[in-house]
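Hi,

Here's the structure I said I'd hand over. Have a look at it first, then read on for what turned up.

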Amino acid sequence: MASTPLIRGRWGYASITDKIADIVLRRPTHWIWGVGLLVTLLMSVFFFGAMGYLFTRGVGIWGVNIPVAWGFAIGNFVWWIGIGHAGTFISAFLLLLRQKWRNSINRFAEAMTLFAAGIAGIWPILHVGRPWFAYWLVPYPNVMNYWPQWRSPLVWDFFAISTYLIVSLVFWYVGLVPDLATLRDRATSKTKAMVYGFFALGWRGEARHWARYEIAYLLLGGLAAPLVVSVHSIVSLDFAVGNTPGYHSTIFPPYFVAGALYSGFAMVLTLAIPMRHFFGLEDFITKRHLDNAAKIMLATGLIVAYGYCMEVFTAFYSNDEYEIGMTMNRFFGPYAFVYWGVITCNVVIPQLLWFRFARYNVWILFALSLVIQLGMWSERFMIVVTSLSRDFLPSSWGLFVPSIWDVTMLIGSIGFFFFLFLCFIRVLPAITIFEMRELKHEELEGRQP
Amino acid sequence: MAQVFSARAVLLLKLAALGAVVVMGTGLIATYKYFWGPDTVAEAPEQPIPFSHKHHVGDDGIDCRYCHDSVEKSSFAGIPSTHTCMSCHSQLFTDQKMLEPVRASMATGQPLHWTRVHTLPDFVYFDHSIHIAKGVGCIECHGQVDRMPLVRRVASLQMQWCLECHRDPEPHRRKSSLVFVMRPTSEIRAEGGLPDTKIQSTRRLTDCSTCHR
Amino acid sequence: MSELRRTFEEMPQQAVPLERDAAGQPFIRVTRREFLKLSAAAAALATAGCRGPVEEIVPYVNPRLVAPGLPQFFASAMTLGGCATGVLVESNMGRPTKIEGNPSHPASLGSTSVFEQAAILELWDPDRASALAMRGQPQASDALQTALLGRMQRLEQRHGEGLRILMRYESSPTLAAQLQALAQRFPAMRVHSWEPLHRDHSLQGARLAFGRAVEPLYRFGDADVVVAFGADFVGEGPGHLRYAREFMDRRRYRENPPVNRLYAFEPTPTLTGAIADHRDARSPAEVAQALAQLAGALGGGKVDDPMVAAAARDLQAHRGRCVVVPGEALAPEAHALVHRMNAQLGAAGTVVQYIAPICGDVDCTRSLQELVADMAAGRVDTLLILGGNPVYDAPGDIAFRDALARVPFSVHHALRMDETSATTTWHVPLTHFLEHWSDARAFDGTASVVQPVVAPLHGGFSHHEMLAMLLAPVAGGPRDWVRAQWLGNAGDAQAGERWRALLRDGIVADSAAQPVQVAARNGDFTPPTAAQPWTLVFRPDQSMHDGEFANNAWLQEIPRTHSKLVWDNAAYVSPASAQKLGVKSGDRIEVASGDARVVAPVWILPGQADDTITLPLGYGRARVGRVGNGVGFDAYPLRPAPMAWAAPARSVRRIEGEHTFATTQNHAEMEERDPVRRINVPEARELHQKPIENAPEPETLYPGWTYPGYRWAMVVDLATCIGCNACTIACQAENNIPTVGKEEVRHGREMHWIRVDRYYEGSQERPRTHFQPVPCMQCENAPCELVCPVGATVHDSEGINVQVYNRCVGTRFCSNNCPYKVRRFNFLHYTKRDGEPPLDARNPQVTLRMRGIMEKCNYCLQRITRARLETEREGRRIRDGEVVTACQAVCPTAAITFGDLSDPESAVSKAKRSPLDYALLRELNTRPRTTYHAKVLNPNPDVPAPPAGEGKGEGHMVPPTTPGERGGG
Amino acid sequence: MSAPIYGLMAEFASADKLVAAAREARESGHPRVEAYSPFPIEGLDDAVGFAGSRVPLATLIGGIVGGGGGFFLQWYAAVIDYPINIGGRPPNSWPAFIPITFEMTVLFAALTAVVAMLVANGLPKLRHPVFNVREFDHSTRNRFFLCLRADAPKFDAAQARRFLERLEPLKIVEVPL
């Protein structure tokens, strides 16, 4: 384990508690927060405005067509759900692996997960032609005596996403309870005390409670870990089960999961780096944390790169004319720029992460995190659109060109995401207080001979 | 600090929670009942003329086909033209106030506007002729019309209701010659009025394409 | 169907247009086909089945002979260029909704062209003129009579001096009789004819060759070798449906097919060229040269042109069983030359016969020139224009409009208030052929009675009634006049029966014209063969005809067979010529001829002759309606009267500006995937030993489903498909398929359920063109079904891949997973309540689809259902041929076979046993029910094969796919 | 005898002290010892004599119910209730039913785990005697509390207080009911 401590400086139980709780309880806050809130609020307005127009006119306002019947909506969905993977991965896997450094980042990472997954969940509804009937994907007793079609990956997807959302939410909330109690006891006003108190469920930190709590939390971790893997695997089946060249590939599940974590950790950095700066959390989210996150990005990035290589290899190795055609189309077709963009953003540039100086330079990391997310979005575009634009019969080949509404809604959703996150920072502790105390405690223990 | 929540506060919260559960529960049930719940007994709608099937069918014993003349050859059973009504009522009850609209229609050539009792969604293609041909008695769907002063709907006409029969048609079928007899199929069958037609497999009958195009 | 066939006689009240007559309120409520437009909540209610809005039900006042809900079919006939094609009009609740060909009619044999199909939309077109108008002002309905009354008396005193009638080609005996009567009343009256797509050249050619005007009648069934010189005999002109059938019957797969061989020399790609075994793109002058060379070769001369030489040898080897077919565009001398050749080859009298011209011995061009001269000279004071639109379609060097302006009293009797109506003093609305009584002759002289199927929707009356106004009052109405024409005034029962039979069958028994004996004279018929720097080739647009269909959205949106363009015409140039001009598709050129200049967008068309520019006629309408106004460019001004089909261009230059085209197919190469399998006759014969090579059926782990009942299946014969688009538009009419407009097509959202793919093989100068109609393949292992989350697309027990519209939520996954990309999605609300055609014209047996719903071919489920109900009522099985899909019914060459696989003797089962049968993308194990027969070609080994295509890939055959062209945002 | 109380509470500054205190309290025969800490402390649970939890068992059952139910739902719908030919696949295409079965397992297991934990802990309990103690606020910050419950059999306030004093807490308070 690295020598640098996970908490820098001379912090005690009390000071840790006060420091983190004050971000929530103390007003006024850093001005940049207000600015950010306003900007993202505006973007959110655009998002919902465009949504309204979409519902009145129909999906024809986008660039989708036949053969490219799936466009941004699905790409965005996969992208967001991918981002939504880091949080639960951090809190589940790293918990099981006893990675103590997770403690200072899992809280906001999980929040990020929830928001991202939530926004991801919106896209399929926007995507369908008759959203008001989207509930037909839910099995419920009805007078038509008719059921969802269980063989469809979209139904699997519906179950996977909703399970993932619920479990993540529960996981997150359970983790919050003791901290809510902290806020309850330090609340500056009666109402705040009651609100936090209500959600704290009357937590009082009794030894037996802690015992059961830890067991339950560990179980949740154990359940969430395979869930994380399953969710993006199933998302990948939306494509892999299809027969379109460029979709129909057995490598998709691992390759999608890796990609998800890749973009997920990128988003963690995108959020953590400004946050630790503006709210003075450098001592809790130390460079060592960033370094670890960067290493995971490097690892997952390499898996993704492997995926790219294997796709090309299998295409030619299988000697399937359609697969080869698809690959050549990615290389040299009308969307070649996307493919090469993906390679640059996801494979070439991130190799910087091999170098310590890059991993320890917040600016480089921040820039990289953005590049990688761009790259991962483009990858989804490449998979969804490029594959569809040229499939089996040359006569039905066609192009997809995004409309202004495609772009508006994508940007709007990003705005909405950050809006939610900014709100979160100010109403709930962005770092797990009690786990930080625990960390401190273990540190003290460690000092004893 | 003292307790965050006073005993009263806790009590209130508990009551609130209980209330929420009740409200949501009832709300859910209500919506379900409204949209999907079975409603077999629909009110008989207002009609321009209080035409009584009880009188015409039950008492006078007029055959269904006299008025619904296309029921055996078309998807649509047919609503009698004014002319058909007048074929009797030019002689009978000629001074009846009640029949004024009919006479008016005949005179002006403007048709009567009845209110539809049995309506299906537009994407359902129901065909009377085939049900008649396969020995499904009128009564199966329309009930004892001969006892209805004003016709009302007795079946929900929902897909699940259609499926009940399409999944197991036998008990609902009778001898083709007895299709128009206004008596329960069970009786008719008991008296030997068993179906004399063969029908397609239930798999075929439950195909989507059987009713939807 | 036959028992549903009625004569108008039997249904007097059928003619009452229901929206005018409350009594006619449909039993099948309009909302039945409207449901999908309900709001979400209302839709949920509708789903609930019983809580829809309160509906009314409105019975008739008087009983009718028809059971409501059952369609009837009326035999009638539609004329194009004066010649009739027999049709059966389907009427639902008194509303004409669909047109089928009349199997007993010689020009139809049960099929139709795209125009007959689109006639329904034409009938219901809201832009049709609805009121009598004088100088554009609406008038009382009797205003014309009053105006005419005085005029007629004055005219009578002058024996009709100054009275002129201008009409199109007309073959109606009733009309002829009326004109005769008119001529007796007004001896000095003169009748002129103008048909923009006239047959002057062939008639002149006949006069040169035989000394009298005759029209050729071909019997392609008897021709082993056919040489076509710019002749598109399967694609256009009277009788092309019949010709296509006869010619292609020789290509249909048989044990030992006596396949015919076709050579085509033509300046611009046509359907005939596309099906030829040997085609060469040549400028009009070169075509004439080839013709002259062929004549020489037949005379024993030496020829250096290998293709001509081969053709000559082939012809001589098949004396009496071969024919040379001249295109109308050839010069009269060329026609004469051909007539003599056919005589030499022993074709005359056997494969080709001659009859007196169906529409009379007229020379449109001269006739119009004389009229215009007289009008200009003020010798015309009363002009009656019966149909047509001469102001728009008169040749550029005939100043018809100016002359017309000088006529004090002119009446335009036409369907629309068009360019001509704008110049005449009066416009009189003409009734559509589905609204009036008349009669007409087919290309072979067979007469049909045109009977109305619905009362005039927009008022107006027929030519007969128009002429009747000028005549002394005659007893009865148009029906009686037509009846009298064929039965005399016999009123006895037997006559009534004959009349009914005549209406029922749609033809007048043995009324076909008798062949006339003509001998080809000697004489020097040398067509002009002077080459031009640029030759303009004028052709009717494949979908607009002469322009009269410009307001027809169905026709506008039918992809042109070769260019796949919609909602546009373009100046077609060869790739080489494009280089010469320095243009690419979408650039604009200015073409000058005579003293007219026209700016046209360029489209590069493989197979176009170099140095020729093809300008499709019929576009650039100014006053046709909301659909067609200002679409495309008008080439008529460039068209000189003497050289109506090919004229030298004064100048051609590129000018600034871009034009965005909408095309439905961007990629023209088969990319070695060979969706269209080709096979030459010798190999085809060997196939009896070993069937055509097919990938082995892939293994599957799952047990398959059994289909105990009917197993519907289809076979499309690529050997006989001529790419005429009839199937596409017939399907559109049958299945309530919306049109989406140019913008949406550009986005790649056309809705056609059956598309005709066009592939090129070989070099782009001399490509071989292949057509492949692609409907839903009805895969037994349908990939689309597997991925639908709500089970909206599933299999029924007869193996049809049904699309349950009311269940569809529109995830579009099915389309992604369809390797054939035959699914169509309502991206926007295309099927509008007030859209075209109006709801009354829609097929009540097919649900309308709202936005957000996927749709596709379902083997005309409604037709299968109709047959099933009928047979189930009778307690028997559906017989082979009892269910005919819309595309199958309309196909001129019967290339589509449909039926029940479980019956080993059914036509489709037999077809499936053919060694030429293959499944598209078989390797995907989708197990399609729709399969293809490989395209059989019969090339002549003596003809050197055209150079193979150099290079591959996008942009070789067609301009590169660019966002502008397709999928543009 | 004064007003009835919930118990006697001693406040400590460090985790170790609390653990030690708790252990001693148990050894000296106090049956109902409660220890409160701002974070979970290793060994504290057996110090206060925590028997061990049945949460894992509940979770297992939840998972089985969820998975079984999930598969049954699909099988019943696709095979019994409305068998339809989907792309030529048999009604019971069980491989295609696995993903949902798995998801349902996880969902139900997770939810039962949490519910079981709350129920066993007797939460939510917004109002509890210990909150009556002013100093108890710090139990979620930096203080550690030991509480000897008064409802224990043969509980003697005076003796308990004496016992606690021996542990040298920062402070001893009565927890009023």
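Phi of C:His545 is near 55 degrees, which is positive, and the residue is not a glycine. C:His545 is also buried, at 12% relative accessible area (buried is under 20%, exposed over 50%, partly exposed in between, with a 1.4 Å probe and protein chains only).

Some housekeeping. This is a predicted model, with local features needing pLDDT of at least 70 and side-chain atom pairs counting only at pLDDT 80 or more, while totals for chains, interfaces and linings use all residues. Residues are numbered from 1 along each chain as its sequence is written, chains are lettered from A and ligands numbered from 1 in the order in which they are written, and side-chain values use heavy atoms, with hydrogens and water left out.

You'll find C:Arg135 in the loop between strand S6 (133-134) and strand S7 (137-138) of chain C, and at 55% relative accessible area the residue is exposed. There are cis peptide bonds to check too: A:Ile66 to A:Pro67 has omega near 15 degrees, and D:Leu123 to D:Pro124 has omega near -5 degrees. A:Pro67 belongs to the loop between helix H2 (31-57) and helix H3 (72-83) of chain A; D:Pro124 falls in the loop between helix H4 (94-120) and strand S3 (144-149) of chain D.

Chain C against chain A

This interface buries about 5100 Å², 57% of it on carbon and sulfur atoms (buried area being the accessible area, 1.4 Å probe, that two parts lose on being put together, summed over both). On the chain C side, C:Arg673, C:Arg807 and C:Arg851 lose the most area, together 15% of what that side buries. In contact (heavy atoms within 4.5 Å) are 67 residues from chain C and 57 from chain A.

The two chains share one salt bridge, meaning a side-chain nitrogen of Lys or Arg within 4 Å of a carboxyl oxygen of Asp or Glu. A:Asp391 and C:Lys821 pair up in a salt bridge at 2.8 Å, N to O. Polar contacts between chain C and chain A come to 34 residue pairs, both at pLDDT 80 or more; such a contact is a pair of N or O atoms within 3.5 Å, where within protein one must be able to donate a hydrogen and the other to accept it, and residues adjacent in sequence count only if both atoms are side-chain atoms. Among the elements of chain C that each supply at least two residues to the side touching chain A are helix H1 (40-48) and strand S32 (755-761).

Chain D against chain B

Here about 1100 Å² is buried, 51% of it on carbon and sulfur atoms. D:Tyr82, D:Leu126 and D:Arg127 lose the most area in chain D, together 56% of what that side buries. The contact involves 12 residues from chain D and 13 from chain B. How many salt bridges cross the interface of chain D and chain B? Zero by the rule, though five residue pairs are in polar contact (both at pLDDT 80 or more).

D:Asp81, in helix H3 (residues 55-81) of chain D, deserves a look. D:Asp81 is buried with no salt bridge, and the nearest side chain of opposite charge, B:Arg167, is 4.2 Å away (Lys and Arg count as positive, Asp and Glu as negative; His and the chain ends are not counted). The side chain of D:Asp81 does make a polar contact of 2.6 Å with that of A:Trp147.

Other salt bridges

Over all chains the count is 88. One of them joins A:Glu435 and A:Arg102 at 3.5 Å, N to O. A:Glu435 is in helix H16 (residues 433-447) and A:Arg102 in the loop between helix H4 (86-96) and helix H5 (103-127) of chain A, so the pair ties together parts 333 residues apart in sequence. A:Glu435 is buried at 8% relative accessibility, and A:Arg102 is buried at 2%. There's also a salt-bridge network linking B:Arg204, B:Asp207, C:Asp796, C:Glu798 and C:Arg868.

Cheers

Methods:
Helices (H or I, at least four residues) and strands (E, at least two) are DSSP runs, numbered from the N terminus.
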